[in-house]
Amino acid sequence: MKSIVKKTILKVKPYIPGKPIEEVKRELGVSDVIKLASNENPYGPSPKVLKAIQRASRELNRYPDGDCYYLRQALAKKLKVSSNQLIFGNGSDELIILAVRAFAGPGDEVIIAKPSFMIYDIASRVEGATVKAIPLKGFRYDLAAMKKAVTKKTRIIFLGNPDNPSGMYLTKKEVTGFLKGLSNKVLVFFDEAYFEYVKARDYADTIGLLRAHKNIIVTRTFSKIYGLAGLRIGYGIGNAELIGLLNRIREPFNVNSLAQAAAMAVLKDQAYYRNLATRIAGQRQFLYRSFCGLGLKFIKTHTNFILLDVAKDASEVSRALLRKGVIVRDMTVWGLEGFIRVTIGTPKENQRFIKSLKEIL
Ligand SMILES: Cc1ncc(COP(=O)(O)O)c(C=O)c1O
């Protein structure tokens, strides 16, 4: 089949997700497994959201609302944008894929940071675009180098804000400086999957920039702080014309009805999630203190995950943690030798992770 498949597909390396808990139990025969590998919310959806899902499940015989009408109205009101400035996706992953499909193909260039979220690279290669990956500088985006890399062939620049795996965010000043003088023929894609965790005052308000910049799209997700990773729902915000273009290639029923009902309930239960963000921030401090106690270096984060320098072979450390029933992400494959990425869990999970790490090191 390789001889007849599209040539672009042969250049794609499959995405390797964090190992599911059940798989580790099966493979290693460990009964008590914790997963700190995919930046999920460790507490799950709020009780009100669970109730909304249950209610919506009675109508699973029906197709979902392809327009996400009620969610669209509610979110437009919350974000103070028009309803035609929103697009919903089967996770924000889908919106990354749709944007690349719409704007980049063979002969075009896509600029990303190295390392950053792998779907930017995979989606671009699938479409046959050339990926220019600009190395991070001190674990931050090298925006000057990224801007310098722009040519007439550049179609999209992906900016994870905050970024995965570094956990860094872009300031208002950095973003406005970056956009200044940049051709409006380049789509600037702000991926804000971890938006709700950022507390920094100088964090860029990208939605506020939409009026002046028609070439911006901002995506966010219900998978991270809102604990709906399993239901798959994310959204994009942009100029109505841009959103309309993406809408043309969207699968008509891409967002399932349980996800829509759950997302609506999330919007009505914001106090629950604000409290959750505070708890995660508290645990972030616990982990920082523990790493210092172990003499380990780490990258300060504005998200619910931390890059940790284990000062050893990270693959070995990750495997040893796995044998103890703790799943983390080995960053070797992302080109960060000696690093693991750990998601901030519940206090009990974090204590178990630190205890296991101590034993291994
Ligand atoms: C930076 C970033 N963007 C997007 C996503 C995709 O999230 P989802 O497709 O679940 O909305 C993730 C998930 O790991 C991520 O880390």
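Colleague: Which residue in β5 does V110 stand opposite?

Modeller: This is a predicted model. In it, the residue of β5 opposite V110 is I156.

Colleague: How many bridges join β3 to β5, and how do the two strands run?

Modeller: Strand β3 covers residues 109-114 and strand β5 residues 154-160; 3 bridges join them, and the two run parallel.

Colleague: In what order do the strands form the sheet?

Modeller: The order is β2-β8-β7-β6-β5-β3-β4, an open sheet of 7 strands with mixed pairing. At the edges are β2 (86-89) and β4 (130-135), each of which pairs on one side only. On average, neighbouring strands of the sheet are turned by 20° against each other, direction ignored.

Colleague: Which strands does helix α9 touch?

Modeller: Helix α9, residues 240-248, packs on the sheet and touches β2, β7 (216-221) and β8 (234-238). The direction of α9 makes about 30° with that of β2.

Colleague: Turning to helix pairs, what describes two packed helices?

Modeller: Two values do: the angle between the axes and the distance between them. Take helix α4 (residues 69-79) and helix α10 (residues 257-267): their axes come within 9 Å and cross at roughly 30°. Angles under 35 degrees count as roughly parallel, and α4 and α10 are therefore roughly parallel to each other. Their crossing is left-handed.

Colleague: Which residues make the contact of α4 and α10?

Modeller: From α4 there are Y70, L71, A74, L75 and K78; from α10, Q260, A263, M264 and L267. By class, the contact of α4 with α10 has 7 nonpolar residues, 1 polar and 1 charged.

Colleague: At what angle do the axes of α3 and α10 cross?

Modeller: At roughly 145°, with the axes of α3 (residues 47-56) and α10 coming within 8 Å. The crossing of α3 and α10 is right-handed. On the α3 side the residues are K48, V49, A52, I53, R55 and A56, and they meet S257, L258, A261, A262, M264, A265 and V266 in α10. The contact of α3 with α10 divides into 10 nonpolar, 1 polar and 2 charged residues. M264 of α10 is named in the contact with α4 and also in the contact with α3.

Terms used:
Residues numbered from 1 in each chain as written. Predicted model: local features only at pLDDT ≥ 70, side-chain atom pairs only at ≥ 80, totals over all residues. Pairing = 2+ DSSP bridges. Helix = DSSP H or I, 4+ residues; strand = E, 2+ residues; numbered from the N terminus. Axes fitted to C-alpha atoms, helices over the stretch in contact; angles between N-to-C directions. Contact = placed C-beta atoms within 7 Å. Parallel < 35°, antiparallel > 145°, perpendicular 65-115°, else oblique. Left-handed = near helix turned anticlockwise from the far one by under 90°. Nonpolar A, V, L, I, M, F, W, Y, C, P; charged D, E, K, R; others polar.
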